Amino acid sequence: MSQELRVRAQRLRGTRDEGRGTIKSAISLSSIVHRPSSLPVRQAGIVPACPAGRHRPSFFTVYLLFAIYCLLRFADTATAQEWKEIKGEHFIVYSTGNDRFSKDVLWNAEKYYSRIADDLGYPRYSEFWQWENRVKIYIYQDQVSYVNSHNFPQWSYGMAIYNKKEICTYMGSADFIGAILPHEITHLMFRDFVGLGWNIPLWLDEGVAQRQEPKKRNIITKAIKQIYSKNEIIPLENFFKVDIRNEKDEKIVRSYYIQAMSIIDFLIRKYGSDNFIHFCRNLRDGKNIEEALAFAYPTSIRSLSDLEERWRKYIKQI
Ligand SMILES: [Zn+2]
């Protein structure tokens with residue numbers, strides 16, 4: 001077994017649920033079912049945990065246990081040997097074939113990294129995500145192996161495991177390079193840079209990530225103008241309170257995400273990345289939305305109504 005896969009198998013054992021309600025690529029880590037071959041022999045109940053000398057296993061039992069142990073090791077090693085790796089400055093791509101797809105993924109991942117760093121004011125020349133801190137991208141041979149690897153949902157094209165800084169997909173996955181990759185890289189960078197942990201408001205987490213998907217970025221302006229002209233804007237007082245995960249009406253869900261992207265777009269374009277990150281960190285430190293705004297934008301946005309008024313004016317102008 002390669003060192004890399006051994007470390008990975010070890011980490012898999014400690015995974016727990018940190019699932020979030022994302023649209024396309026949410027991951028509920030509670031749904032991860034560990035592969036039997038990744039369980040330590042003792043955990044799997046094969047080796048008796050009784051103190052030595054209390055009873056002695058028969059020769060046949062010892063032989064059987066040893067045979068099972070060898071089989072598990074062999075299965076793990078066989079899987080591990082299939083991975084090939086390509087290293088970039090901030091990412092390592094693991095795949096089992098098709099070098100061209102892996103190289104495309106790596107090239108695009110590095111390109112997105114620079115663009116997102118510029119946009120969020122992330123210190124791209126610092127040592128973040130370099131050397132042993134690089135993000136690992138696993139490309140499985142096909143969708144079945146990808147789904148089985150972590151019990152990912154059948155409908156997904158790619159998933160991130162945030163606490164391990166890993167992104168998983170499969171060869172030729174539709175929309176992975178154009179949408180899922182930038183989306184998940186943004187989630188990872190945003191958490192690292194802002195230090196938000198797991199308590200990020202959904203509108204902020206998803207709004208920031210979706211805004212970095214090239215296709216969605218191009219439609220924000222058009223879509224928000226449409227919603228505005230149809231008078232379908234959710235007033236901000238309700239917007240920041242609503243839990244969209246309970247909403248069944250697809251139209252409202254769509255409006256919610258477009259509105260989230262537009263508010264973030266407005267704050268970054270109008271007042272810059274530094275103030276935006278300051279605002280996010282205020283939220284991280286426990287301030288409510290109005291306090292967070294007032295501390296980050298003391299001369300321009302001191303309340304929700306200030307934000308709503310300026311944002312609506314901005315929509316009219318774009
Ligand atoms: Zn997401």
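## Report on a predicted protein chain

Met-189 is found in helix H5, which spans residues 176-194. The model described here is predicted. Met-189 counts as buried because it has 25 C-beta neighbours inside 10 Å, and the cut-off for a buried residue is 20 or more. Leaving aside residues up to four places away in sequence, Met-189 touches Ile-116, Leu-120 and Tyr-122. Trp-129 lies 60 residues from Met-189 in sequence, while their C-alpha atoms are 9.1 Å apart in space.

### The chain as a whole

The protein chain has 12 helices and five strands. Of its 318 residues, 27% are buried. Among the contacts with a separation of 6 or more, 61% are between residues 24 or more positions apart.

### The sheet

The five strands form an open sheet, and their order across it is S1-S2-S3-S5-S4. The pairing in this sheet is mixed. Strand S1 and strand S4 are the edge strands, each of which pairs on one side only. On average, neighbouring strands are turned by 20° against each other, with direction ignored. In general, strands of a sheet pair through backbone hydrogen bonds, and they do so either parallel or antiparallel.

How many bridges join S1 to S2? There are four, and the two strands run antiparallel. Lys-87 has Ile-92 in S2 as its bridge partner. A hairpin of three residues joins S1 to S2.

| H3 | 99-120 | S1, S2 (91-95) and S3 (135-140) | about 160° with S2 |

### One side of helix H11

Which residues of helix H11 (residues 289-296) are buried? They are Ile-289, Ala-292, Leu-293 and Ala-296. Helix H10 (273-284) and helix H12 (304-317) are included in what covers the buried residues of H11.

### Confidence in the model

The mean pLDDT of the protein chain is 78, and 72% of the residues reach 70 or more. Which elements of the chain have the lowest and the highest mean pLDDT? Helix H1 (residues 3-13) has the lowest, at 36, and strand S2 has the highest, at 97. Over residues 1-57 the pLDDT is below 50, and this stretch has 70 contacts in the model beyond near neighbours in sequence. The pLDDT is also below 50 over residues 73-78, a stretch with five contacts in the model beyond near neighbours in sequence.

Note on methods. Residues are numbered from 1 along each chain as its sequence is written. This is a predicted model: local features need pLDDT of at least 70, side-chain atom pairs count only at pLDDT 80 or more; totals for chains, interfaces and linings use all residues. Two strands pair if DSSP finds at least two bridges between them. Axes are lines fitted to C-alpha atoms, for helices over the stretch in contact, and angles run from 0 to 180 degrees between N-to-C directions. Two residues are in contact if their C-beta atoms, placed from the backbone, lie within 7 Å. A residue is buried if 20 or more other C-beta atoms lie within 10 Å of its own, exposed if 12 or fewer, and partly exposed in between; C-beta atoms are placed from the backbone. pLDDT is the predictor's confidence in each residue, from 0 to 100.
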